[in-house]
Amino acid sequence: MSELRTLTLGAGCFWCLDAFYQRTTGVTSVISGYTGGHTPNAHYREVCSGTSGHAGARQVPFDPEIVPESVILGLFFTGHDPTCLNAQGYDVGTQYRSAMFYADEEEKARFEAAIAEAQGLFEAPIVTTLEPLGVFHTAEAVHQDFYTENRNNGYCRVIIDPKLSHAREAFAEWVS
């Protein structure tokens with residue numbers, strides 16, 4: 001195994017991208033949490049209030065020798081609408097923003113390139129923000145691996161299942 005790389009990505013609700021990445025070869029774990037805000041401790045109710053500045057995000061550690069970063073980022077753009085400002089479906093507010101949290105300038109440049117490449121897939125402009133990665137607060141246990149633990153939940157069946165099917169088609173080599 002090579003040295004793992006970790007990306008921190010915000011795409012609205014935790015659960016959809018969590019389901020994608022949990023099923024991606026080369027991804028070692030998925031951690032749902034909060035980052036990008038101005039409060040020292042983030043928790044669900046505070047973040048949902050929209051007053052903390054934090055966004056829901058996932059940390060995705062992966063082995064780049066098994067799965068290319070381009071696949072991780074492709075799944076990011078497949079799993080949500082990066083052209084929708086501060087909302088995903090019925091979830092509205094800055095806490096649901098599309099965001100890529102970069103650890104350094106090199107990662108920021110890779111994110112900029114990924115946005116430019118993905119723009120060709122969308123008619124509307126991509127509004128994904130690029131933000132420096134600050135403190136990452138792990139979300140409550142209920143948000144970790146939600147899809148696997150709650151497959152019969154209405155949100156999972158109506159929202160995640162169709163998106164996961166699309167991701168499996170688009171990234172068949174990596175997503176099971």
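Phe 76 and Phe 77 are both buried in this predicted model. Their ring centres lie 4.9 Å apart. The ring planes meet at 75 degrees, so the pair is edge-to-face. In total, 4 aromatic pairs are counted.

A second pair joins Trp 15 and Phe 146. Here the ring centres are 3.6 Å apart and the planes stand at 5 degrees. Planes under 30 degrees apart count as stacked, so Trp 15 and Phe 146 form a stacked pair. Trp 15 belongs to helix α1, while Phe 146 belongs to helix α5 (residues 146-149). The pair therefore ties together parts that are 131 residues apart in sequence. Trp 15 is buried, with a relative accessible area of 17%. Phe 146 is also buried, at 7% relative accessibility.

Helix α1 spans residues 14-22 and helix α6 spans residues 154-170. Their axes are 10 Å apart and form an angle of about 40 degrees. That angle makes α1 oblique to α6. The crossing is right-handed. By class, the contact of α1 with α6 comprises 8 nonpolar residues, 1 charged residue and no polar ones.

How values were computed
Residues are numbered from 1 along each chain as its sequence is written. This is a predicted model: local features need pLDDT of at least 70, side-chain atom pairs count only at pLDDT 80 or more; totals for chains, interfaces and linings use all residues. Side-chain values use heavy atoms; hydrogens and water are left out. Axes are lines fitted to C-alpha atoms, for helices over the stretch in contact, and angles run from 0 to 180 degrees between N-to-C directions. Helices (H or I, at least four residues) and strands (E, at least two) are DSSP runs, numbered from the N terminus. Angles under 35 degrees count as roughly parallel, over 145 as roughly antiparallel, 65 to 115 as roughly perpendicular and the rest as oblique. A crossing is left-handed if the near helix is turned anticlockwise from the far one by less than a right angle, and right-handed if clockwise. Ala, Val, Leu, Ile, Met, Phe, Trp, Tyr, Cys and Pro count as nonpolar, Asp, Glu, Lys and Arg as charged, and the others, Gly among them, as polar. Rings of Phe, Tyr and Trp (its six-membered ring) pair if their centres lie within 6.5 Å; planes under 30 degrees apart count as stacked, over 60 as edge-to-face and the rest as tilted. Buried means under 20% relative accessible area, exposed over 50%, partly exposed in between (1.4 Å probe, protein chains only).
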